[in-house]
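Reader: I have a structure open that is new to me. Can we walk through it together?
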Amino acid sequence: MTASTIDNRDELIAYLQAAMALEHATIPPYLTAYYSIKSTTNSDAAHIIRVVAVEEMLHLTLVANVLNAVGGQPDLTRPGFVPPYPAYLPDGEEDFTVDLRPLSPEAVETFCMIERPRRAPDAERLLALPESGGPQLVSSPTAEKMRFYSIGEFYAEIIEGLEKVAAAEQGKLFCGDPARQVSSEYFYSGGGDVIVVTDLESACRALNFIADQGEGLDAGIHDTAGELAHYYRFRQLQLGRYYEVGDKPDAPSGAPLSVDWDEVFPVKVNARLADYPQGSELAAAAKGFNAEYGGFLALLTQAFNGRPQVLEEAVRAMFRLRDGFNRLICNPLPGSGGRHAGPTFEIPAVTP
C-alpha cells in the first residue's frame with residue numbers, strides 16, 4: 001500500500017486547497033451543459049444538472065469549513081484556481097478529460113466519469129502522471145509527478161492525513177476561528193446539511209459526506225441520507241428512467257425520462273478567448289462573462305473568510321450568470337463550422 005503523503009499541517013492544508021479547486025472545477029462543465037439547454041425543453045436533464053451543481057457548492061463549503069478549522073485560508077481568486085479546460089481528472093484512464101461542452105451524450109458520459117466511485121486496484125492509491133501532460137485536478141500536492149487513481153482515493157488520503165496529523169499535534173490541529181465556519185443558517189442546498197467543523201470527528205464526517213454523495217468510494221446507489229448519488233443521477237439520463245429505492249445499478253425501475261439532444265445550443269467545445277474575433281461583440285461578451293464569474297469567486301472567498309452571510313448571495317450570483325451565458329450560447333461563433341459561442345472561464349485577477 002502507498003505510504004501516506006501527508007505528514008504535517010502544511011501538507012494537509014495543501015491537500016485541502018487542492019480539494020477546493022477540485023470541487024469547483026466540476027461547476028463550469030455542469031453550468032455550461034445546463035445553460036446550453038434551450039428554454040422550456042429537457043426539464044428532467046436541466047433539473048438533475050442544476051441540483052448537482054448546487055450540491056457541488058455544498059461540497060466546496062464543506063472543504064472550506066475543514067480548511068478553516070485547521071488554520072488554513074480559502075482563496076478562490078488565486079491564479080490557477082480555475083483550470084484551463086480541457087483538464088485531466090484521473091479516474092483510472094489517462095485519456096479522460098473534463099471539457100466545457102453542451103449537453104450531449106458525450107457530456108453525460110463525462111459527468112458519469114467525474115462522479116464514478118472507484119477503488120484503486122491492489123491498494124495502489126497513487127499513480128504516475130500521464131506523459132501527455134495537461135492540468136491534473138487530482139494530482140498530489142506533496143508527491144511529485146503523482147496523481148490519484150480516483151477522487152474517492154484522493155479524499156481517502158486526506159482523511160488518513162487528518163487522522164495522522166491530529167494525533168501528532170495532540171489536540172492542537174483544530175485551531176481555526178469558529179467564526180469562519182459556514183453553518184446551515186447561511187446555506188441550504190436540499191441535498192444535505194452544512195457541517196460545522198470543530199474537531200477530527202466533524203472534519204472526517206464532512207469529507208466522508210462528499211465522497212458518499214457521489215465523488216468517492218462506492219457506497220451504493222443512495223447515500224447514507226437516502227439521496228441518490230450523483231453518479232446515478234447522471235446514469236438516469238443515459239438509461240432513460242429514474243431510480244427507485246432497491247433498484248440495481250443498471251436497472252432503474254422508476255418513471256421514464258427522455259432527453260432531446262437536438263434541443264440544445266451547439267456550443268463550441270472548450271472555447272477560448274483566442275477563438276473570438278478581436279474587437280467583436282462576442283469577444284466583449286466572453287470577457288464580460290469571465291469578469292462576472294471572477295466576481296462570483298470573490299464572493300465565495302469573502303463567504304469563506306469570515307463573512308458567511310455572503311454565501312447566499314454567491315449562490316444566487318451563480319444562477320444570475322444565465323444572462324452572460326445567453327449572450328454567448330445563442331450566437332454562432334464565426335469560423336467555427338456552425339458551432340455557437342460559449343464561456344471560456346479564463347478568469348482575470350480579482351480582488352476578494
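Predicted model: local features only at pLDDT ≥ 70, side-chain atom pairs only at ≥ 80, totals over all residues.

Reader: Which way does α8 pass α10, left-handed or right-handed?
Author: The crossing of α8 past α10 is left-handed.

Reader: Which residues make the contact?
Author: From α8, Leu282, Ala285, Ala286, Phe289 and Glu292 take part. From α10, the residues are Gly324, Phe325, Arg327 and Leu328.

Reader: And by class, what is in there?
Author: The contact of α8 with α10 has six nonpolar residues, one polar and two charged.

Reader: What about α2 and α10, how do their axes cross?
Author: Helix α2 covers residues 27–36 and helix α10 covers residues 322–329. Their axes come within 10 Å and cross at roughly 65 degrees. That angle makes α2 roughly perpendicular to α10.

Reader: Left-handed or right-handed for that one?
Author: Right-handed, as α2 passes α10.

Reader: Which residues touch there?
Author: On α2, the contact is made by Leu31, Thr32, Tyr34, Tyr35 and Ser36. On α10, Arg322, Phe325 and Ile329 make it. Phe325 of α10 is also in the contact with α8.

Reader: How do the residues of the α2 and α10 contact divide by class?
Author: Five are nonpolar, two are polar and one is charged.

Reader: OK, another pair. How do α3 and α7 cross?
Author: The axes of α3 and helix α7, residues 230–239, come within 10 Å, with a crossing angle of roughly 165 degrees. The two helices are therefore roughly antiparallel to each other. α3 passes α7 in a left-handed crossing.

Reader: Who is in that contact?
Author: α3 brings Ala45, Ile48, Ile49, Val51, Val52, Glu55, Glu56 and His59. α7 brings His230, Arg233, Phe234, Gln236 and Leu237. By class, the contact of α3 with α7 has seven nonpolar, three polar and three charged residues.

Reader: Changing topic. Which residues does the cis peptide bond join?
Author: Tyr85 and Pro86, with omega at about 10 degrees.

Reader: Where does Pro86 sit?
Author: Pro86 is in the loop between α3, residues 43–69, and β1, residues 87–88.

Reader: And Thr40, what is its phi?
Author: Thr40 has a positive phi of about 70 degrees, although Thr40 is not a glycine. Thr40 is found in the loop between α2 and α3.

Reader: How many of the lining residues are nonpolar, polar or charged?
Author: The lining of the largest pocket has twelve nonpolar residues, two polar and three charged.

Conventions
Residues numbered from 1 in each chain as written. Heavy atoms only, no water. Nonpolar A, V, L, I, M, F, W, Y, C, P; charged D, E, K, R; others polar. Axes fitted to C-alpha atoms, helices over the stretch in contact; angles between N-to-C directions. Helix = DSSP H or I, 4+ residues; strand = E, 2+ residues; numbered from the N terminus. Parallel < 35°, antiparallel > 145°, perpendicular 65-115°, else oblique. Left-handed = near helix turned anticlockwise from the far one by under 90°. Contact = heavy atoms within 4.5 Å.
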